[in-house]
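Here is a short walk through one model, with the sequence and the coordinates side by side. Keep both in view as you read.

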Amino acid sequence: LSPSNGTAPTPLTNYLDTQYYGEISIGSPAQMFNVVFDTGSANLWVPSYSCSPLYTACFTHNRYDGSKSRTHVKNGTGFSIQYASGNIRGFLSEDVVVVGGIPVVQVFAEATALPAIPFIFAKFDGVLGMGYPNVAIDGITPVFDRIMSQHVLKDEVFSVYYSKDPMHKPGGELVMGGTDPDYYTGTFNYMGTSEAGKWEVNMKGVTVGEEMLFCKEGCTAVIDTGSSYITGPASSVSVLMKTIGATELAEGGYTVNCDLVKSLPSVTFHLGGHEYALTEEDYILWQSQFGEDICSVTFRGLDVPPPTGPIWILGANFIARYYTEFDRRNNRIGFATAV
Ligand SMILES: CCN(C(=O)c1cnc(C)nc1NCc1ccco1)[C@H]1CCCNC1
């Protein structure tokens, strides 16, 4: 896979199966940043050199310094982005951004207010939104759209592989322009995006073991490469957790008794006429803390208010099992079994 054949790979690092990020550069000379390639948003932001010392999360990450880049173009327009997990404020700048060896002149945000929760826990510096232009804040053309308009990619698609094996090198891979057969087996099953301009699909139901318990009338599933977990409406997830005998922790996480893990049911998502099952291996995170095993469940309750919600968000643990192709040409998403 080399840029010459119209595909551009970016190796990703896997941090605890909950954060996957890759390196980009901004500016001349290159300033390096680790970013999440996030289909759940459509803007690029990195911490700013002018981030106030009050924000610890800025000082534990790489920061962009426009005064050190000869290709920096000042913009200064205010910027703020809202995540369920926290909001970021800053201002816009323009500079040369290089992703997978492809340079683009890009408007991006320099974050000057970066909340400690959750970004103090982030191993990545910033976020590179891989969403559609219509969800981009301030109407900024996203990075992938700028790359597509250069006509250097074989296909107007990008694909994501997330490894689950800590010894696997790389911990994942983003391919712009195609897919990487090294990381999936079998054929792709495709489904159209449910709403123009969002990486989401219609889901026909969620089955636990043999019983369809949730989303029986159909619902929306967002395929979000930037989310660590699978989230569903809080009421559904709490029933799901009771069904598998999980107990809730203070900050909204769930754990199960590690001895019972092997008897847990699979959770199956019905998408595009196919069934995508996650077994306990896919949705239980074994961590040892202070010498004892903690088995946490990678489902979270999250109520997204209408009209967007109620939705299910399929994040990293789903993508680790199902190699995903995001097709901008045909506005569809394809899944194949990841290897
Ligand atoms: C990036 C912001 N996101 C997180 O869920 C998030 C927050 N905070 C930390 C510390 N990590 C996050 N994601 C880590 C990760 C990397 C790849 C998979 O998950 C979401 C916000 C909504 C849009 N989609 C992305």
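**A threonine under cover**

T298 is buried, because its relative accessible area is 5%, below the 20% that sets the limit for burial. T298 belongs to the loop between β21 and β22 (299-301).

How far does the confidence reach? The protein averages a pLDDT of 95, and 99% of the residues score at least 70. For the model, ipTM is 0.99 and pTM is 0.97. Where pLDDT is low, predicted coordinates should not be read in detail.

**The sheet with β21**

Which strands form a sheet with β21? The order is β16-β17-β21-β20. These four strands make an open sheet, and the pairing is antiparallel. β16 (247-248) and β20 are the edge strands, each pairing on one side only. In general, strands of a sheet pair through backbone hydrogen bonds, in a parallel or an antiparallel way.

Strand β20 spans residues 284-289 and strand β21 spans residues 292-297. Six bridges link the two, in the antiparallel sense. I284 has V297 in β21 as its bridge partner. Q289 has E292 in β21 as its bridge partner. β20 and β21 form a hairpin, with two residues between them. In that turn, F290 has a positive phi of about 50°.

**A covered strand**

Now move to β10, residues 172-176. Is this strand buried or exposed? It is mostly covered, with five of its five residues buried. The cover lies on both faces. G172, L174 and M176 are buried on one side. E173 and V175 are buried on the other.

β10 also has strand partners. Strand β1 (residues 8-15) pairs with β10 in the antiparallel sense, over five bridges. One of the contacts to find in the model is that of P9, whose bridge partner in β10 is V175. Strand β9 (residues 157-162) pairs with β10 as well, again antiparallel and over five bridges. Here Y161 has E173 as its bridge partner in β10.

**Around the ligand**

How many residues surround the ligand? The count is 18, and the closest are D38, D224, T225, G226 and S227. By class, the shell divides into eight nonpolar, eight polar and two charged residues.

Several backbone atoms come up to the ligand. A polar backbone atom of G226 is 2.8 Å from a nitrogen atom of the ligand. A polar backbone atom of S228 is 3.2 Å from a ligand oxygen atom. A backbone N or O atom of T18 lies 3.3 Å from an oxygen atom of the ligand. On its own, the ligand has 560 Å² of accessible area, and the protein covers 89% of it. Two elements give two or more residues to the shell: β2 (19-26) and β3 (31-38).

Finish with the backbone itself. Most residues other than glycine have a negative phi, and most peptide bonds are trans. Against that background, a few places stand out.

D17 is not a glycine, yet its phi is positive, about 60°. D17 sits in the loop between β1 and β2. It counts as buried, because its relative accessibility is 18% and the limit is under 20%.

N331 is not a glycine either, and has a positive phi of about 45°. Its loop runs between β24 (322-327) and β25 (332-338). N331 is partly exposed, because its relative accessible area is 35%, between the 20% and 50% limits.

Then come the cis peptide bonds. One joins I117 and P118, with omega at about 5°. P118 lies in helix α2, residues 116-119. Another cis peptide bond joins K169 and P170, with omega at about -15°. P170 has its place in the loop between β9 and β10.

Notes
Residues numbered from 1 in each chain as written. Predicted model: local features only at pLDDT ≥ 70, side-chain atom pairs only at ≥ 80, totals over all residues. Heavy atoms only, no water. Pairing = 2+ DSSP bridges. Near = heavy atom within 4 Å. Polar contact = N/O pair within 3.5 Å; in protein donor to acceptor, adjacent residues only side chain to side chain. Areas by Shrake-Rupley, 256 points an atom, 1.4 Å probe, with all protein chains shown as cover. Nonpolar A, V, L, I, M, F, W, Y, C, P; charged D, E, K, R; others polar. pLDDT = per-residue confidence, 0-100. Buried < 20%, exposed > 50% of the residue type's maximum accessible area, 1.4 Å probe, protein only.
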